[in-house]
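Please look at the sequence and the 3D structure shown below, and keep both in view while reading.

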Amino acid sequence: VQLQASGGGLVQAGGSLTLSCATSGGTFSSYGMGWFRQAPGKEREFVAAITKIGGATYYAESVKGRFTISRDNAKNTVYLQMNSLKPDDTAVYYCAAGIVATSNPRVYNYWGQGTLVTVSS
C-alpha cells in the first residue's frame, strides 16, 4: 500500500488547510486511517484517526474541535481539515494505514512521506 500526503503549506495563525492522503495498491476500505505529526525536535504524535467505513473518529485533545478527519472510500483518500490553526500546529503531517483506527502509531503498517504545515504567528 502506498500513501501520498499533500496539501501542506504556509498559513497564518487562525487560518485553515486541508490535507489529503491518496492511497493505492490495497483495499482502502479495509484500513483504519490515521494522521500523525512531528514537530522539529519532538516525537511523532497522534492527531486523528478514522475507522474503516468512517463510522467513528478519534482526535488528540490538542486538535479536538479544530480538526476534522474524513475519508472517501470511492476515492481511496483520507482528509484532514484543519481550522483555527496555531503556531504549535507547525509540523510534518503523516498519514498512515493500519488494521484498526487507533492513536498507537505501532499499529499502522503503512505510512506516507509527510507534508509540511507551517503556521506563522
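## A glycine in a loop

Glycine 14 has its place in the loop between strand E2 (9-12) and strand E3 (17-24). The model in which this residue is described is a predicted one. With a relative accessible area of 54%, glycine 14 is exposed, since a residue counts as exposed when this value is over 50%.

What does glycine 14 touch, if residues up to four places away in sequence are not counted? Its contacts are then Ser84 and Leu85. The distance to another residue can also be given: the C-alpha atoms of glycine 14 and phenylalanine 46 are separated by 21 Å, and the two residues are 32 residues apart along the chain.

## Two residues with positive phi

Serine 84, one of the residues that glycine 14 touches, lies in the loop between E8 and E9. Serine 84 has a positive phi of about 50 degrees, although it is not a glycine. Most residues other than glycine have a negative phi. The relative accessible area of serine 84 is 40%, so this residue is partly exposed.

Asparagine 76 also has a positive phi, of about 55 degrees, and it is not a glycine either. Asparagine 76 is found in the loop between strand E7 (67-72) and strand E8 (77-82), and with a relative accessible area of 29% it is partly exposed.

Is strand E9 (residues 91-98) largely enclosed or largely open? Seven of its eight residues are buried, and therefore E9 is largely enclosed by the rest of the structure. In this setting, a residue is called buried when its relative accessible area is under 20%.

Strand E9 pairs with strand E4 (residues 32-38) through seven bridges, and the two strands run antiparallel; within this pairing, tryptophan 35 has cysteine 95 in E9 as its bridge partner. Strand E11 (residues 115-120) is also joined to E9 in the antiparallel sense, by three bridges, and here alanine 91 is partnered by valine 117 in E11. Strand E10 (residues 108-111) pairs with E9 over three bridges, again antiparallel, and in that case the bridge partner of glycine 98 is tyrosine 108 in E10.

## The chain as a whole

How many helices and how many strands does the protein chain have? There are zero helices and 11 strands, and the order of elements from the N terminus on is β-β-β-β-β-β-β-β-β-β-β. The radius of gyration is 13 Å, close to the 14 Å that the globule rule gives for 121 residues, so the chain is as compact as a globular protein of that length. Along the principal axes, the C-alpha atoms fill a box of roughly 40 × 25 × 25 Å.

Buried residues make up 42% of the 121 residues in the protein chain.

## Surface and charge

The protein chain exposes about 6000 Å², and carbon and sulfur atoms supply 49% of this area. As for charge, the chain carries 10 positive and 6 negative side chains, and the centres of these two sets lie 5 Å apart.

Methods: Residues are numbered from 1 along each chain as its sequence is written. This is a predicted model: local features need pLDDT of at least 70, side-chain atom pairs count only at pLDDT 80 or more; totals for chains, interfaces and linings use all residues. Side-chain values use heavy atoms; hydrogens and water are left out. Buried means under 20% relative accessible area, exposed over 50%, partly exposed in between (1.4 Å probe, protein chains only). Helices (H or I, at least four residues) and strands (E, at least two) are DSSP runs, numbered from the N terminus. Two strands pair if DSSP finds at least two bridges between them. The radius of gyration is taken over C-alpha atoms; the globule rule is 2.2 Å times the number of residues to the power 0.38. Accessible areas come from the Shrake-Rupley method with a 1.4 Å probe; for residues, only the protein chains shown count as cover. Lys and Arg count as positive and Asp and Glu as negative; His and the chain ends are not counted. The place of a charge is taken as NZ of Lys, CZ of Arg, CG of Asp or CD of Glu. Contact means heavy atoms within 4.5 Å.
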